[in-house]
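Here's a quick tour for anyone meeting this protein for the first time. Take a look at the sequence and the model, then read on.

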Amino acid sequence: LENKNVNDQIFQLLVHIYFVKGQKDKANQTFKQGLKKFPDSGPLYLEIATQLLTAARYDEALLYIEKGIELDPSFPSNYYYAAKIYCNSDDKVWGMIYGEIFMNLERNTQRTLEISKLLYNTYQKSIKFTSDTTCVVKFCDIGSYNFTGSGDSAKLKMSYGLNVYQPVMSMSMLGIKKL
């Protein structure tokens, strides 16, 4: 793998093959080698994440997916998987955001249609009209105010979904009677 024409997709493919063959140590070793040569490779982070997803280790997979997004923000597949995981979690707000970014990066594909439907269904589940004048908006079941430090150095950490996304979505529903 010292050839100058080797790219991150070769490492991604090798990692995948080793996982399929049940050679997890070899897969992890190849992943680390690939990251040394291509430290910002979204596809490499995605490959490890998809292996974790097949084992239903969603929280661990999200760590790799979000690291891939951070390092390779124009690679759409990490957003695709992040949207699918988060829209089926208690923190749907991030699924909505990642899904919208994915649809802006990858247009007119079958996956775009899939994510479009996922976002629509998530809106349907998360916005409930309880009467002609009442609407409940709930995109996250988690979130709270967390204080760290004391006195003047106290810092308030707030949930984006709870304190920004849901209130904005609630305000956008004013005067609306159905989706």
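Which residues form a nonpolar patch on the surface? They are Y160, V164 and V168, with about 250 Å² of accessible area together. Before going further, note that this is a predicted model, where local features need pLDDT of at least 70, side-chain atom pairs count only at pLDDT 80 or more, and totals for chains, interfaces and linings use all residues. Residues are numbered from 1 along each chain as its sequence is written, and side-chain values use heavy atoms, with hydrogens and water left out.

**The surface patch**

- Patches are built from residues with over 30% relative accessible area and no salt bridge, joining like charges within 9 Å and nonpolar side chains (Val, Leu, Ile, Met, Phe, Trp, Tyr) within 5 Å.
- The areas come from the Shrake-Rupley method with a 1.4 Å probe, and for residues only the protein chains shown count as cover.
- V168 sits in helix α8, residues 160–172; helices here are DSSP runs (H or I, at least four residues), numbered from the N terminus.
- V168 is exposed at 52% relative accessible area, where exposed means over 50%, buried under 20% and partly exposed in between (1.4 Å probe, protein chains only).

**The largest pocket**

- Rolling a probe the size of a water molecule over the atoms shows where empty space is left.
- A pocket is an open set of points on a 1 Å grid over the protein atoms alone, where a 1.4 Å probe fits, with protein on both sides within 12 Å along at least five of seven lines; lining residues have an atom within 4 Å of a point.
- The largest one has a volume of about 270 Å³, that volume being the space filled by probe spheres set on the points, which are joined across faces, edges and corners.
- Its lining has 13 residues, and F19, N28, Q51, L52 and R57 lie nearest the centre.
- Helices α2 (24–37), α3 (42–54) and α4 (58–71) each give at least two residues to that lining.
- By type, the lining splits into six nonpolar, three polar and four charged residues; Ala, Val, Leu, Ile, Met, Phe, Trp, Tyr, Cys and Pro count as nonpolar, Asp, Glu, Lys and Arg as charged, and the others, Gly among them, as polar.

**Salt bridges**

- There are four salt bridges in the structure, each a side-chain nitrogen of Lys or Arg within 4 Å of a carboxyl oxygen of Asp or Glu.
- R57, one of the residues nearest the pocket centre, pairs with E60, their closest N and O atoms being 2.7 Å apart.
- R57 is partly exposed at 39% relative accessibility, and E60 is partly exposed too, at 34%.
- K84 and E114 also meet in a salt bridge, 3.1 Å from N to O.
- K84 lies in helix α5 (residues 76–87) and E114 in helix α7, so this pair ties together parts 30 residues apart in sequence.
- R111 bridges to E106 with closest N and O atoms 2.7 Å apart; R111 is partly exposed at 22%, whereas E106 is buried at 14%.

- Most residues other than glycine have a negative phi.
- A56 is not a glycine, yet has a positive phi of about 60 degrees; A56 is in the loop between α3 and α4 and is partly exposed at 46%.
- N108 is not a glycine either, and has a positive phi of about 55 degrees.
- N108 is in the loop between α6 (92–105) and α7 (110–126), and is exposed at 78%.
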